[in-house]
Structures are given as structure tokens and as C-alpha cells.
Amino acid sequence: MKKVTIKDIAKEASVSIATVSYILNAVGNQSISEETREKVMKAAQKLNYIRNLNARTLKSGKSELIGILLPQTSGDSYWSTYRYTEAVRLLGKHLNRQGYHLIVSYIDPIAPKLDVVLEREMDGVFVLNASQKMFYQISKRFGVGIPLIGIDIYNEDPLFHKLIPDFDAAFAKASEALGRRFDFLIIDDYRDKLLLDRIKQSSGLEDDSIHVYSGDKKLRSFLSGRSGQFGCAINEFLFTRIMNEPFDGKLAALCTSGCPELLPPSVPKVVFNLDAYRIASELMIHYIRKPHESIEPKITLLAMQE
């Protein structure tokens with residue numbers, strides 16, 4: 001079978017060879033429309049073009065691989081496997097358009113094996129839902145030169161960018177959807193205790209009105225004394241679990257996983273603008289290409305969908 005070249009792609013996409021080269025090699029100093037970029041990538045896919053990543057790495061010193069680290073244990077809730085599916089999909093979509101490829105790896109938060117990032121010579125890493133301890137363990141492991149962005153991690157180190165939901169605005173929106181301020185809050189388990197504390201603070205509720213999910217039995221016990229009350233639940237997967245309980249109050253859902261269609265139309269929902277994952281992807285690429293140019297602010301908020 002004849003090897004597909006960038007000349008073949010240029011002919012298929014009706015663009016110049018130089019344009020194909022710029023796009024496939026993720027050259028950042030060229031102004032190329034998104035329409036042209038997508039046309040070239042679709043042509044490359046149609047022709048089954050396979051790039052020589054090893055040769056590219058030797059030439060540029062970059063692997064064009066981005067890691068996504070997801071802490072996972074067997075004791076997690078059943079939906080933990082799906083909780084960040086949309087986030088991974090969107091990060092992959094935006095990074096692929098810029099010529100980067102994702103490697104997703106689940107790591108044990110108790111005894112993480114982090115050699116995968118070094119072995120694959122990743123250019124950057126997204127860390128999702130990790131504790132402060134693990135995030136810093138990862139940052140120290142890789143050292144200078146590999147940018148890290150935390151998702152659902154609220155570390156206060158100004159060195160790192162982070163992407164978190166705008167809970168202040170989300171709670172206000174949930175109260176608006178319910179027609180009044182909610183009486184209690186149910187939170188999906190976040191490993192970053194600092195983020196959990198900030199969520200609790202944003203809710204304005206006392207500790208005895210806040211429940212962090214850690215099993216069905218405890219959830220049932222918490223709901224048993226809430227008959228007729230108004231509540232708010234963070235994460236639509238967790239909300240589907242709550243729907244199985246005999247609760248006769250009213251609940252609003254904060255759809256932090258980007259899957260509001262999981263819930264019935266009658267459920268008051270707060271939906272986030274997932275364009276923040278495009279911004280996070282662009283930040284990652286910026287730090288890979290221009291590691292000495294910092295961008296402010298360091299916190300990107302997953303804001304409300306208009």
C-alpha cells in the first residue's frame with residue numbers, strides 16, 4: 001500500500017502543502033481558520049494518514065502527547081468511571097485540532113505509579129479530582145518543563161492553573177430555579193478537601209445541612225429527616241442515585257459532568273458552559289510552546305451556560 005503523504009492530504013483538502021504541514025506540525029505562528037484546520041484533519045483521517053511521532057519528537061523535542069491523570073480506586077461510586085467522560089472528550093477534541101493526542105491513565109491515589117508520564121515523554125498533564133498531596137507529588141515527580149493543569153483541584157499555588165466550577169454563581173442559579181434558597185446540600189465526593197471546604201462555604205449552610213456522598217446507607221439516613229425541604233445536589237450522576245430514595249422534597253441539580261440529559265425535564269438544573277475546556281486546552285498549548293510566558297488569572301471558572 002502506498003504511503004500517504006502531506007501532498008496527498010493537500011490535494012484531498014484543496015489547500016497548499018505548506019498549510020497541511022503547519023496544521024499537522026502544530027505550528028503556532030500561522031493564522032489558519034478553524035474551517036481549514038478541520039478540513040485538513042478530516043482529509044488526513046479519510047486517507048488514514050499516520051504521522052511518524054518518533055521522528056517528530058527527535059526533531060522538535062516534543063512528543064505532542066498530553067496526559068490526563070484520573071485518580072481511581074475500587075471503592076469509588078459506580079459513576080466515578082463516567083464522571084469526567086465529557087471533560088476528557090472535550091479536551092481531546094480541542095487538543096486534537098492543534099495536533100496533540102491524549103493519553104488517559106487511571107492512577108491509584110494511595111500508591112500512584114507515575115512513570116507512565118515520563119516513559120511516554122508527555123508534553124503536558126491534566127490532573128483531575130486529585131488531593132492536594134497527590135497534585136504536588138505529581139508536580140515534583142515531573143519537575144520543571146512539563147506544565148500541569150488541575151481540574152476540580154483548588155490548590156492555592158500561583159504556579160499552577162486550575163479549572164473549577166463557579167459554585168457561587170451556580171448556587172444562586174439553583175436557588176432561582178427552586179424559587180427559594182435551598183435547605184440542604186449533597187456533594188459528590190471531591191478528593192481535594194480545600195475545594196470541598198470552599199463549596200461548603202459558598203453554600204452558606206451549616207455543616208449538619210451538608211452531606212458528602214460516601215455510600216447509599218449514609219445518604220438515606222441524611223435524607224430521612226428532610227421531608228418537604230428544598231435541596232441541591234452536585235453532579236447529575238449523584239442526582240440519579242438520589243432519585244431512587246423515597247424523598248418527597250424538591251431538588252435542584254448542578255450538572256458538573258456536562259450530562260444534563262441524564263435527568264428528567266422536570267428537574268431544576270444548573271448547566272455549565274463547557275467552553276472552559278477549550279480555554280484549558282489553549283492554556284496547556286500556550287505553556288508547552290511558551291513556557292516562560294505566564295497567563296493570569298490562574299483560575300478558570302466553569303461558568304453558567306447562557
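This is a predicted model: local features need pLDDT of at least 70, side-chain atom pairs count only at pLDDT 80 or more; totals for chains, interfaces and linings use all residues.
I'll start with helix α10, where Leu219, Phe222 and Leu223 are buried. Looking down the axis of α10, those buried residues fall within an arc of 95 degrees, so they line one face of the helix. On the other side of α10 we have Lys217, Lys218, Ser221 and Ser224, which are exposed.

What lies over the buried residues of α10? The cover includes β6, β7 and α11, residues 236-242. The helix itself, residues 216-224, lies across β6 and β7, and runs at about 170 degrees to β6.

That brings us to the sheet. Five strands form an open sheet, and the order is β7-β6-β8-β9-β10, with parallel pairing. Which strands are at the edges? They are β7, residues 210-212, and β10, residues 269-271, and each pairs on one side only. On average, neighbouring strands of this sheet are turned by 15 degrees against each other, ignoring direction.

Strand β8, residues 230-234, and strand β9, residues 250-255, pair in the parallel sense over five bridges. Ala233 has Ala253 as its bridge partner in β9. Helix α8, residues 167-178, also packs on the sheet, where it touches β6, β8, β9 and β10. The direction of α8 makes about 145 degrees with that of β9.

In soluble globular proteins, nonpolar side chains tend to be buried together. Here the largest nonpolar core has 48 residues, and Phe126, Leu185 and Leu254 have the most contacts inside it. Which helix gives the largest share of this core? Helix α12, residues 276-289, does, with seven residues. Another core, of 19 residues, lies apart from it, and its members include Phe184, Ala233, Ile242 and Ala253.

Leaving aside neighbours within four places in sequence, Leu185 is in contact with residues including Phe171, Ile199, Leu205, Ile210, Phe222 and Ile234. Phe222 is one of the buried residues of α10 we began with.

Next, helix α5. It has 13 residues and reaches 19 Å from its first C-alpha to its last, close to the 18 Å expected at 1.5 Å a residue. Which residues of α5 are buried? They are Glu86, Ala87, Val88, Leu90, Leu91, Gly92, His94 and Leu95. Covering them are, among others, the strands β1 (65-71), β2 (101-107), β3 (124-128) and β4 (148-151), and also helix α12. Just after α5, Gly99 takes a positive phi of about 90 degrees.

Last, helix α3, residues 34-46. This helix has 13 residues and reaches 18 Å from first C-alpha to last, close to the 18 Å expected at 1.5 Å a residue. Its buried residues are Arg37, Val40, Ala43 and Ala44. These cover an arc of only 130 degrees around the axis, which puts them on the same side of α3. The face turned away from that buried side carries the exposed residues Glu35, Lys42, Gln45 and Lys46. What covers the buried residues of α3? The cover includes α1 (6-13), α2 (17-24) and α5 (85-97). Just after α3, Asn48 takes a positive phi of about 60 degrees.

Conventions:
Residues are numbered from 1 along each chain as its sequence is written. Side-chain values use heavy atoms; hydrogens and water are left out. Helices (H or I, at least four residues) and strands (E, at least two) are DSSP runs, numbered from the N terminus. The expected span of a helix is 1.5 Å times one less than its number of residues. Buried means under 20% relative accessible area, exposed over 50%, partly exposed in between (1.4 Å probe, protein chains only). The arc is that of the directions from the helix axis to the C-beta atoms. Contact means heavy atoms within 4.5 Å. A nonpolar core is a set of buried Ala, Val, Leu, Ile, Met, Phe, Trp, Tyr and Cys residues joined through side-chain atoms within 4.5 Å. Two strands pair if DSSP finds at least two bridges between them. Axes are lines fitted to C-alpha atoms, for helices over the stretch in contact, and angles run from 0 to 180 degrees between N-to-C directions.
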